2 protein chains.
Amino acid sequence: MPTYTAPTKDMQFVLHDVLNISAASTPGYEDLEPDFTSAILEEAGKLTSEVIAPLNTVGDTEGCRLENGVVYTPTGFKDAFEKVKEGGWTGLDMPEQYGGQNMPQVIGSAVGEMFSAANQAFTMYQGLTHGAASAILAHGTDQQKDTFLPKMVSCDWTGTMNLTEPHCGTDLGLMRTKAAPQADGSYKITGQKIFISSGEHDLAENIIHLVLAKIEGGPEGIKGVSLFIVPKFNVNEDGSLGERNGATVGSIEEKMGIHGNSTCVMNYDGATGYLLGDEHKGMRAMFTMMNEARLGVGMQGLAQADVAYQNAVIYANDRLQGRAVTGAEAPDKPADPLIVHPDIRRSLMEQKSFVEGARAFILWGATMIDAAHRSGDKDADGLVSLLTPVIKGFLTDVGYDMTVKAQQVYGGHGYIEEWGMSQFTRDARIAMIYEGANGVQALDLVGRKLAQDGGKHVMAFFELVKTFCKDNAGTDEVFDKEFIEPLKAASKDLQSAGMYFMQNGMKNPNHALAGSNDFMHMFGHVCLGLMWAKMGLAARAALANGTGDAAFYETKLTTGRFYMARQLPATALHLTRIQTGADTVMALDAANF
Amino acid sequence: MPTYTAPTKDMQFVLHDVLNISAASTPGYEDLEPDFTSAILEEAGKLTSEVIAPLNTVGDTEGCRLENGVVYTPTGFKDAFEKVKEGGWTGLDMPEQYGGQNMPQVIGSAVGEMFSAANQAFTMYQGLTHGAASAILAHGTDQQKDTFLPKMVSCDWTGTMNLTEPHCGTDLGLMRTKAAPQADGSYKITGQKIFISSGEHDLAENIIHLVLAKIEGGPEGIKGVSLFIVPKFNVNEDGSLGERNGATVGSIEEKMGIHGNSTCVMNYDGATGYLLGDEHKGMRAMFTMMNEARLGVGMQGLAQADVAYQNAVIYANDRLQGRAVTGAEAPDKPADPLIVHPDIRRSLMEQKSFVEGARAFILWGATMIDAAHRSGDKDADGLVSLLTPVIKGFLTDVGYDMTVKAQQVYGGHGYIEEWGMSQFTRDARIAMIYEGANGVQALDLVGRKLAQDGGKHVMAFFELVKTFCKDNAGTDEVFDKEFIEPLKAASKDLQSAGMYFMQNGMKNPNHALAGSNDFMHMFGHVCLGLMWAKMGLAARAALANGTGDAAFYETKLTTGRFYMARQLPATALHLTRIQTGADTVMALDAANF
């Protein structure tokens, strides 16, 4: 059975050596001294590796079961969920007013990665609760907040998000679910929603569904969509649970993976709902949840890649097969371990350099969210808004590829369910799809985010990279050559792509959109290149100081060199593709495919 | 439920317009006029799309069941198998002497693609039979051939290949299965084999296992491995079935995909076996089967990509979601079909250009096998031996990526088993692993095949590309720019990589092996580039002639342009990676991963 070890040391390196968080001016960061964050990460590491990870295979094998309207989660999920609640993990970064601990997002992200890696299907029950709570926090009335948040922050009640219908996912303007206003100010919600993660289950007393629907008589299309709170059990004025609401599970979907999470068809039959936020402004309210969810999903890409990588390393060290071409390395054994073989190492280095780069990227993103939320930093807000589709799309596309590579290290055993590697691949696959399929992320990036606020944020990104390179070049020739120069070259490719879009996208937007996927990927590479340059600097500084674990820092530098030399140059290929424009992409009649 | 349409027209184009097979001097090719091959392909297309494809989902959902030593295949498999037998499809390219039709491999490959695409798990029952029969044909005594081949060619008896043991897959020198010589010239085989496809089932009267084992007292390691015929039921002198042999199924593996095929743990308890080929030369005999199997697996990569692509196109035309950015294309409908969106087209074009290029590559390879087998053409034999790891490794790696892309077109529905796209991805995954994991293919290519016969075959490949470019350049400036120049550039990258290996691999072989996966992929791209240039030429000629379906040929040219402009330039990235050598790949201590 696969195992999971929480990457505490690596997280501490990113938080303190690279991002130097406790010195940041963001309110709440002043408490984030290494000892303090270490204590939290160690505790989360223990819970995730010892309690939650062992349930990952169980969840996959058993799946969820629907009987007479009741959904039973896999064996052990309920007990583990109680432990998560006891630890107060869902409320880690929620306001104290509602029972949370008011930690910054950067801590929530680090802990969240551990939960996702240990058991993605299990973690979604609390993850969606967190997202729904955030939406209520941002858009709810005081009464709504008081009614729902304490119970959701404690995870006594869980949350869901209901967008998709059978005939519409991306294009929510086609939505058919209706909301009929009632005399008491509530609404009756009627319609069917599909793909509702954690839609029904036995882990919580109540489930708070956030449901998009159209108020009768409102504007056509997406402009007539509103968001509603629809509790599974209505809540009495004293906070106790009232009658069962008309929100019921129709069936559980059979999926490729994340079997431990109940993906439900939900039927709303005149269910009582309460408007969340303004009438017809449902998309705006839902996007609070969606943006959070997109970052969380990007993290899932990294998390599955990490746990798969960890197990691939164990297998590559254990499995004896063949001899090193340069001479036996374990002559006393019948064969050398797999890890002596260059192509196995090539694969493991690809995984390792992605995972560690992606982790830094996510945590850096989280510091920007904190700066935006806690310090009202508009620039940080704009930059993280630009990077959200990159985090979601790039990290899940590449994260999935990396789980496939990790699975491949196992040879035939990778294909046998018993070994657990297939599950990582199958579970990771969903992250490329949900919360906006990655093609939609690329469209969001190129079609919307690039031009946002007059292109200010993408210019700020280029400026940031340029300044970083300028500030850190010239003191070490080798470092310049290995880290700074490749980053400059990649960033230049990205700028050239942006220039191509500007020059050609105006006359025909397809010239930009045909390259959107390539652009998202090259942007991701530049971000990871930046992260590796930052990590390389930090490692070099630590080595110069002579403090800490020299092998750890040397390994960082080697892994960074690998990324810069072998992975980052992918930007040139993406640029080549982008510069071919839309012609060959759009030339065929639909009938000729 | 997904559907499958046999690509008869496209195959005819490759066979006749591109490869011009009926004009080739290979014996048997003179019969392969367009009408004749069309009749075969139409017939195979009917059987595969109407009978075999509809069982694909059934096989995945039901899987195989082991009860009291009997393996039951999924509902409908037995009836369909009878229809395959009635049609004589397994013996299509087998000698008439044993009941076959003696067709060339190029026809067998075209038909084989259809079978694999329609239902990979089902097709493996006959595919392995074909492979085992080929090994007996190449290495068996006359008596062995007479005893086993007629029944295997008709598929009354099926075949298997038994290599892997729990502790060894790639490194078969570690094998523990023993063969004890008996007074009558037979052997008693004892040991356990795992991952045995079609190891036990209810489709045939008898199963002929080809089993690798070590004869007691023979040389150590791989040099002491011999191959044995171990029938499930012993065969009496009159050809009737005798006693049950000690070859039994221990369990069926739970796998990520190909559920319709029974992957068995096989136990040999003093089972009677008959030496096939020479003592201790088992690997040579097994490689007859393996090389055939590797080409067949490469074809599976293409086949799964094709059927997944076909369904993605249907969905992209049916599913209404969003509007074309350049203005509504279906203004009378609530939304435009997915296929109007540039990123969806980009994905579909990647799939289409891969599938059609790969099909030409496979069929071109098959003509070389025919030239080698039927005309004793040593150069063709050498070239196809060089290309075998490329066909297996590149086509299954990229084929898998393409099934993932096709699945992605479905959005959330791609993740739900009911829609069938997940199965294509899960089934395609195995092809990267079995018959030598793709890392082993890359090692075979760079570590062995490149230098084979003094590097003669790779030089012949470069010469072939060079001559092609020279012969076809200069008459059409646009064609030169769109097809010939990119092919030249890619081939030059490949040569530069080969040069790097020569210059650096001698002092440290890791410098070559660290780039083996990149080299395999760039080689694959150059082959597909060559195929697209050939197809482009053929399409241009057909358009100039004014015969046939102009839209079909125009589509070929457009698809070719897409491949040359956007996919082929990947060679430059692979070259960049290769030229970084082994340093960053091999630098880490195993303990620091």
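This is a predicted model: local features need pLDDT of at least 70, side-chain atom pairs count only at pLDDT 80 or more; totals for chains, interfaces and linings use all residues.
Residues are numbered from 1 along each chain as its sequence is written, chains are lettered from A and ligands numbered from 1 in the order in which they are written, and side-chain values use heavy atoms, with hydrogens and water left out.

Now to the helix. The expected span of a helix is 1.5 Å times one less than its number of residues. Helices (H or I, at least four residues) and strands (E, at least two) are DSSP runs, numbered from the N terminus. Along the way, H10(A) bends by about 35° at A:Leu387, with a proline, A:Pro389, following within four residues. The bend at a residue is the angle between axes fitted to the seven residues ending there and the seven starting there. At the N-terminal end sits a cap: a side-chain oxygen of A:Asp377 lies 3.0 Å from the backbone nitrogen of A:Asp379. Just after the helix, A:Gly411 takes a positive phi of about 55°. Of the 32 residues of H10(A), 26 are buried, so this helix is largely enclosed by the rest of the structure. Buried means under 20% relative accessible area, exposed over 50%, and partly exposed in between (1.4 Å probe, protein chains only).

H13(A), residues 452-472, has buried residues that are covered by elements including H9 (342-375), H10, H14 (477-505) and H16 (516-545) of chain A. Among those buried residues are A:His457, A:Phe461, A:Phe462 and A:Cys469. The 21 residues of H13(A) should span 30 Å at 1.5 Å a residue, and its end C-alpha atoms are 30 Å apart, which agrees. After H13(A) comes A:Gly474, with a positive phi near 95°.

A:Cys155 is not a glycine, yet its phi is positive, about 65°. You can find A:Cys155 in the loop between helix H7 (142-153) and strand E3 (157-162) of chain A, and it is buried, with a relative accessible area of 1%. A:His280 also has a positive phi, near 65°. This histidine lies in the loop between strand E11 (263-275) and helix H8 (282-318) of chain A, and at 22% relative accessibility it counts as partly exposed.

Let us step back to the annotated parts of chain A. An unreviewed UniProt entry lists "domain: Acyl-CoA dehydrogenase/oxidase N-terminal" for residues 78-154, a span that is 71% helix and 0% strand. For residues 161-269, the UniProt record lists "domain: Acyl-CoA oxidase/dehydrogenase middle" (unreviewed entry), and here the chain is 0% helix and 50% strand. Such annotations may be inferred rather than shown by experiment; their positions are given in the numbering used here, with shortened feature names.

Next, turn to chain B and its strand E7 (residues 225-231). Seven of its seven residues are buried, so the strand is largely enclosed by the rest of the structure. In a regular strand the side chains alternate between the two faces of the sheet. In E7(B), B:Val225, B:Leu227, B:Ile229 and B:Pro231 point one way, and B:Ser226, B:Phe228 and B:Val230 the other way. E7(B) pairs with strand E6 (residues 206-215) in the antiparallel sense over seven bridges, and B:Ile229 is the bridge partner of B:Leu210. Two bridges join E7(B) to strand E11 (residues 263-275) of chain B, also antiparallel. Two strands pair if DSSP finds at least two bridges between them.

Contact means heavy atoms within 4.5 Å. B:Met283 belongs to helix H8 (residues 282-318) of chain B, and at 16% relative accessibility it counts as buried.

Notes. A polar contact is a pair of N or O atoms within 3.5 Å; within protein, one must be able to donate a hydrogen and the other to accept it, and residues adjacent in sequence count only if both atoms are side-chain atoms.
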